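I opened this entry to record what I looked up, one topic at a time.

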Amino acid sequence: MAVARIPTALAAVLLAVLPILLGASPAAADAGCPGAQVPPPPAAVEETAPGVVVPAPLPWPLAPVGGAALGACGDVLGPGDPALPPEVTAAGFVLADLDTGAVLAARAPHARQRPASTLKVLTAMVAIDRLDPDAQVAGAPEDLSIDGSRAGIGPGGTYTVRQLLTGLLLNSGNDTAQALARAMGGDAPTDTRPATPSGLDGPGMATSAYDLAVLFRHAMGEPLFAQTIATREIPFPGYGDRPGFVLSNANPLLARYPGTLGSKTGFTDAARHTIVAAAERNGRRLVVSLVRAENTPIVNWRQAAALLDYGFALPADAPSVGTVV
């Protein structure tokens, strides 16, 4: 039976955390949104390879995590709140107060989607929890051949966990995700829902806008994570005979939306565009997550910005529609 592979230490944490985030518990037959218990088609190519068995979907919870209103399959707004910005066309989102967890608005918050590289937020938090930030990790030949985005590590290079975290969060390096996975114990078979530490698609990969808001809110409370994801650029070591270089933050909100505290974007063909972000204005801090966004009518980070503007325009005492636990 083919199963996803994920680092042993990461798997152990995920097995404990994901049932809480995703509400895995004995489910009522009519719970949840029709057709949204698994990410929508088409399937990721990693799920269609010969011999791959996609695990059964996690059951819907008996009650929506975060409050009854968050069980909605469409938009969730407070009484008397203005209409959402029409340019926000993402399939799902959550907009919440970063400090209190009060949800201000949402769209299909628990519908299952794919995270793409926003899953690196969870990988970073497990690495911070399990590894010494100053521990050194050697580059390996397989770092050069990993699919997707790379920070630029390789054989002959030696990197601290801090440096690998910058590559993971600033440049969305799938190579640095792989190196952190090695440092956390290597690969072991598992069928937990994050099928890869980098967010690349795999059998059974699933998340939701709500889960991503939970993860990012928790992560922004960790000083090393918050400091790293807010870094604009940093010197980064080379490997072999390649010189060092400057690693720049590729997350557009940080440079283009005033008050951004940190952001992480993601994209795969199956997941489409995803993003999590936090921003501060006039002493108020908000968190937003979007899943399955397209770059129409505006690019996904501008959709996130529009939701942040919407949230900051709401009165501070606006009633919440749920809670980011």
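**Overall**

I began with burial: of the 325 residues in the chain, 55% are buried. Buried means under 20% relative accessible area, exposed means over 50%, and partly exposed is in between, with a 1.4 Å probe and protein chains only. I noted that this is a predicted model, in which local features need pLDDT of at least 70 and side-chain atom pairs count only at pLDDT 80 or more, while totals for chains, interfaces and linings use all residues. Residues are numbered from 1 along each chain as its sequence is written, and side-chain values use heavy atoms, with hydrogens and water left out.

I then looked up the secondary structure and found eight helices and 13 strands. Both are DSSP runs numbered from the N terminus: helices are H or I with at least four residues, strands are E with at least two. For contacts (heavy atoms within 4.5 Å), I took those with a separation of 6 or more; residues 24 or more positions apart account for 72% of them.

**The disulfide**

How many disulfides does the structure hold? I found one. A disulfide is a covalent bond between the sulfur atoms of two cysteines. The cut-off used here is a pair of cysteine sulfur atoms within 2.5 Å. Cys-33 and Cys-73 are the partners, with 2.2 Å from S to S. Both cysteines lie in the loop between helix 1 (8–21) and strand 2 (75–77), so the bond ties together parts that are 40 residues apart in sequence. The torsion about the S-S bond is about -105 degrees, so I wrote the disulfide of Cys-33 and Cys-73 down as left-handed. Cys-33 is buried at 9% relative accessibility, whereas Cys-73 is partly exposed at 44%.

**Helix 3 and helix 4**

Two packed helices are described by the angle between their axes and the distance between the axes. I looked up helix 3 (residues 161–170) and helix 4 (residues 174–183): their axes come within 8 Å and cross at roughly 145 degrees. The axes are lines fitted to C-alpha atoms, for helices over the stretch in contact, and the angles run from 0 to 180 degrees between N-to-C directions.

Which residues of the two helices meet? On the helix 3 side I listed Val-161, Leu-164, Leu-165, Gly-167 and Leu-168, and on the helix 4 side Thr-176, Ala-177, Ala-179 and Leu-180. By class, this contact has seven nonpolar, two polar and no charged residues. Here Ala, Val, Leu, Ile, Met, Phe, Trp, Tyr, Cys and Pro count as nonpolar, Asp, Glu, Lys and Arg as charged, and the others, Gly among them, as polar.

Just after helix 4, Gly-185 takes a positive phi of about 120 degrees.

**Salt bridges**

I searched the whole structure and got nine salt bridges. Each is a side-chain nitrogen of Lys or Arg within 4 Å of a carboxyl oxygen of Asp or Glu. I looked at three of them.

- Arg-114 pairs with Glu-47, the closest N and O atoms being 3.2 Å apart. Arg-114 is in the loop between strand 4 (102–107) and helix 2 (120–130), and Glu-47 is in the loop between helix 1 and strand 2, 67 residues apart. Both Arg-114 and Glu-47 are buried.
- Arg-285 pairs with Asp-99 at 2.6 Å, N to O. Arg-285 is in strand 12 (residues 284–293) and Asp-99 in the loop between strand 3 (92–97) and strand 4, so parts 186 residues apart in sequence are tied together. Arg-285 is partly exposed at 26%, and Asp-99 is partly exposed at 42%.
- Glu-142 pairs with Arg-182, the closest N and O atoms being 3.8 Å apart. Glu-142, Asp-143 and Arg-182 are linked in a network of salt bridges.

**Tyr-257**

Is Tyr-257 buried or exposed? I found Tyr-257 buried, with a relative accessible area of 6%. Tyr-257 sits in the loop between helix 7 (252–256) and strand 10 (260–268). Leaving aside neighbours within four places in sequence, its contacts include Ala-279, Arg-281 and Asp-309. Tyr-257 and Asp-309 are 52 residues apart in sequence and 10.0 Å apart in space, C-alpha to C-alpha.
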